[in-house]
Amino acid sequence: MEDLIFNAHSKVYCSYGSLNRLKEVIGSYGHRLLIVTEKALADSQSFKKIKDEIRKSDLDLITFAEITSSSTTHSIEKASEIARASRAQVILGFGGIRALSAAKAVAVAAGYTGNFYNIMSDSPPLLTPLPYIEIAGTF
């Protein structure tokens, strides 16, 4: 079985006001993004601040806030379908390890139109993952 390698070039912005750079960072990939987050964080002040910054930047925002402690690959498939249907150009993961891991999987799966399970099969398909941005919401 060939390895599926997800190569995500990393840039880490960690300073006061770095959230204000979202437009610059997201805009370098496109103008339409899908945020993948946990249901429990959807009403948090942090999430509202992120959405406000994105809206001020005139970027198209789609939200998938259905990740829970009992989420399965069905959630990843659903979010990937939304990303494809909305023609998202970048995936933004916000939350804890569960949401961030799901968002990374969505970034990979959104670039593939076949069955999600085929990505991990004996002959992985050729695909191009969407760019991925991560904002940790819990520690």
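**Strands and sheet**

Author: Strand 1 and strand 2 are joined by 6 bridges and pair in the parallel sense. This is a predicted model, in which local features need pLDDT of at least 70 and side-chain atom pairs count only at pLDDT 80 or more, while totals for chains, interfaces and linings use all residues. Residues are numbered from 1 along each chain as its sequence is written, and side-chain values use heavy atoms, with hydrogens and water left out.

Reader: What makes strand 1 and strand 2 a pair?

Author: Two strands pair if DSSP finds at least two bridges between them. Strand 1 and strand 2 have 6 bridges, and they therefore pair by that definition. Within this pairing, Glu38 stands opposite Ile67 in strand 2. Strand 3 (residues 90–95) and strand 4 also run parallel and are joined by 5 bridges; there, Leu92 has Ile133 in strand 4 as its bridge partner.

Reader: How are the helices and strands of the protein defined, and how many are there?

Author: They are DSSP runs numbered from the N terminus: helices are H or I over at least four residues, and strands are E over at least two. The protein has 4 helices and 4 strands, and its elements follow the order α-β-α-β-α-β-α-β from the N terminus on.

Reader: In which order do the strands form the sheet, and why do strand 2 and strand 4 stand at the edges?

Author: The 4 strands form an open sheet in the order 2-1-3-4, with parallel pairing. Strand 2 (60–67) and strand 4 (132–136) each have a single partner strand, so one side of each is left without a neighbour in the sheet. From one strand to the next, the twist averages 20 degrees.

**Helix packing**

Reader: Which strands does helix 2 touch, and what angle does helix 2 make with strand 1?

Author: Helix 2 (residues 45–56) packs on the sheet and touches strand 1 (32–38), strand 2, strand 3 and strand 4. Contact here means heavy atoms within 4.5 Å. The direction of helix 2 makes about 180 degrees with that of strand 1. Helix 3 (residues 73–86) lies across strand 1, strand 2 and strand 3 and runs at about 170 degrees to strand 2. Such angles run from 0 to 180 degrees between N-to-C directions, and the axes are lines fitted to C-alpha atoms, for helices over the stretch in contact.

Reader: Why is helix 3 called oblique to helix 4?

Author: Helix 3 and helix 4 (residues 97–109) pack at about 50 degrees, with their axes 9 Å apart. That angle makes helix 3 oblique to helix 4, because angles under 35 degrees count as roughly parallel, over 145 as roughly antiparallel, 65 to 115 as roughly perpendicular and the rest as oblique. Ile76, Ala79, Ser80 and Arg84 of helix 3 meet Ala102, Ala105, Val106 and Ala109 of helix 4 in this contact. By class, the contact has 6 nonpolar, 1 polar and 1 charged residues; Ala, Val, Leu, Ile, Met, Phe, Trp, Tyr, Cys and Pro count as nonpolar, Asp, Glu, Lys and Arg as charged, and the others, Gly among them, as polar.

**Accessibility**

Reader: Why does Gly96 count as buried, and why does Asn115 count as partly exposed?

Author: Gly96, in the loop between strand 3 and helix 4, has 5% relative accessibility and therefore counts as buried. Its C-alpha atom is separated by 8.4 Å from that of Thr37, 59 residues apart along the chain. Asn115 lies in the loop between helix 4 and strand 4; at 41% relative accessibility, Asn115 counts as partly exposed.

Reader: What makes Asp58 and Arg87 exposed?

Author: Asp58 has 68% relative accessibility and so counts as exposed, and Arg87 counts as exposed at 61%. Asp58 is in the loop between helix 2 and strand 2, with a positive phi near 60 degrees. Arg87 is in the loop between helix 3 and strand 3, and its phi is positive at about 60 degrees although Arg87 is not a glycine.

Notes: Buried < 20%, exposed > 50% of the residue type's maximum accessible area, 1.4 Å probe, protein only.
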